[in-house]
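Please examine the sequence and the structure shown below.

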Amino acid sequence: MVTPISSISLTFFINAFLLLCYLNKGYAVGEDEITKGYLHIIKVKSLLPSTACNQTFKVSNSLSLEVVHRSGPCIQVLNQEKAANAPSNREILLRDRHRVDSIHARLSSHGVFQEKQATLPVQSGASIGSGDYVVTVGLGTPKKEFTLVFDTGSDLTWTQCEPCAKTCYKQKEPRLDPTKSSSYKNISCSSAFCKLLDTEGGESCSSPTCLYQVQYEDGSYSIGFFATETLTLTSSNVFKNFLFGCGQQNSGLFRGAAGLLGLGRTKLSLPSQTAQKYKKLFSYCLPASSSSKGYLSFGGQVSKTVKFTPLSEDFKSTPFYGLDITELSVGGNKLSIDASIFSTSGTVIDSGTVITRLPSTAYSALSSAFKKLMTDYPSTDGYSIFDTCYDFSKNETIKIPKVGVSFKGGVEMDIDVSGILYPVKGLKKVCLAFAGNGDDVKAAIFGNTQQKTYQVVYDDAKGRVGFAPSGCN
């Protein structure tokens, strides 16, 4: 009796045969071969980050800021902290879990889905956890430069301020000293601006000066004065009276960053405060590796290569950018997932979440399809949030199936090879870089690992988010 071959396996074997033909003809496995067919061929050592910064990338226009990973070699942090305090993968994934819990708690408070809420104070302008990527901006007059984590899931921009002798963490630059800036001004409690802060979970006016408080699921926090200051993005992009938080008490795992740059959707966020000039339009590209650089841009012209999907109406009342996933594919084959799975949970795109979270049913289908095409490699036990892991320590090159995500409006996104696998213990344990939500109710989160190398365009004024491949070039 002949056992039928499934279509997904047949597609895989055909593409494997074609790639073997390339090799037998003497062709090197290079950039051209990596993108052919429905699988990637990669050298396993490319999965591991380099210890040296790739300095070839340069920001090409006056509307862009250079983006680096805050744990990579391209950021010049305090020497004593660089090696000693570099987070382990377990710490990174635990922090990521805290962030995901925070997002779900905030969405629950807005009625996007209903379940028992996590114990997290919900405040407008409150950040939800420290992200991975940083930019350098100027604050004050005269201008002083500060390295800030940029975050699409947070609204209020804040930085550590003097005096802050006992309750501040170490950062790359000297802290902002309001007494040495001629443009700094505190917001009074009677100001309409103070009312932009949601006081649920904490008072914003215990003194004549308006106070802010942001808290994180991992126990980090920032408390201080709500104020205005001159913000300098580039020499030709300067904004007076920018609303921000001047932190007097700060604690957390920010690792050298001076604070946070809020790119969310409320009136306190940078896109909203600069809307007259940039029309709530910004974009970024996150590099393939923590040893490379990307960019964060504001305003400007949108490339014709960008394909847009509409912002989801389900998240209109929240601070988040909501999307609608319609399909997933593995090895060129669309997975059989009922459309109601994604429409029930909805999806938010987030620059600070590391690993994409999917509804349990969708993740199970993705993981199963991936495993069927990875039988040539020994599997290992799981790690933290991951359950699909492999040992590549005895391989020089590997073949992995492509993974695709489709969004409403016919936008199809092939995840870059750097966003499919995540090494957690060198090459001895490399895992599929997706995780399940634990149920089909919580919102899916499209994380930064899966956004790597794409230009991601946020056009809130027109209600859309766009993607273009090879965005960091």
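## Terms and basis of the report

Two strands are said to pair if DSSP finds at least two bridges between them. Helices (H or I, at least four residues) and strands (E, at least two) are DSSP runs, numbered from the N terminus.

The model is predicted: local features need pLDDT of at least 70, side-chain atom pairs count only at pLDDT 80 or more, and totals for chains, interfaces and linings use all residues. Residues are numbered from 1 along each chain as its sequence is written, and side-chain values use heavy atoms, with hydrogens and water left out.

Strand β15 (residues 325-330) and strand β22 (residues 403-407) run antiparallel and are joined by 5 bridges. Here Glu327 stands opposite Ser406 in β22.

## Helix α8

How far apart are the end C-alpha atoms of helix α8? They are 18 Å apart, which agrees with the span of 18 Å that the 13 residues of α8 (residues 360-372) should have at 1.5 Å a residue. The expected span of a helix is 1.5 Å times one less than its number of residues.

The buried residues of α8 are Ala362, Tyr363, Leu366, Ser367, Ala369 and Phe370; buried means under 20% relative accessible area, exposed over 50%, and partly exposed in between (1.4 Å probe, protein chains only). Seen down the axis of α8, these buried residues fall within an arc of 165°, so they line one face of the helix. The arc is that of the directions from the helix axis to the C-beta atoms. An α-helix has 3.6 residues a turn, so residues three or four places apart point the same way.

## Strand β10 and its partners

Strand β4 (residues 144-151) and strand β10 (residues 259-262) run parallel, joined by 4 bridges. The bridge partner of Leu148 in β10 is Gly259. Strand β5 pairs with β10 in the antiparallel sense over 2 bridges. For Thr159, the bridge partner in β10 is Gly259.

## Disulfides

A disulfide is a covalent bond between the sulfur atoms of two cysteines. In this report a disulfide is a pair of cysteine sulfur atoms within 2.5 Å, and the structure holds 6 of them.

In one of these, the sulfur atoms of Cys161 and Cys246 are 2.0 Å apart. This link is left-handed, with -125° about the S-S bond. Cys161 lies in the loop between β5 (158-160) and β6 (185-186) and Cys246 in strand β9 (residues 237-251), so the pair ties together parts that are 85 residues apart in sequence. Cys161 and Cys246 are buried.

Another disulfide joins Cys194 to Cys210, with 2.1 Å from S to S. The torsion about its S-S bond is about 85°, so the disulfide of Cys194 and Cys210 is right-handed. Both cysteines lie in the loop between β6 and β7 (211-215), so the pair ties together parts that are 16 residues apart in sequence. Cys194 and Cys210 are both buried.

## Residue Thr232

Leaving aside residues up to four places away in sequence, Thr232 touches Val137, Gly138, Lys143, Asn237 and Val238.

Conventions. Contact means heavy atoms within 4.5 Å.
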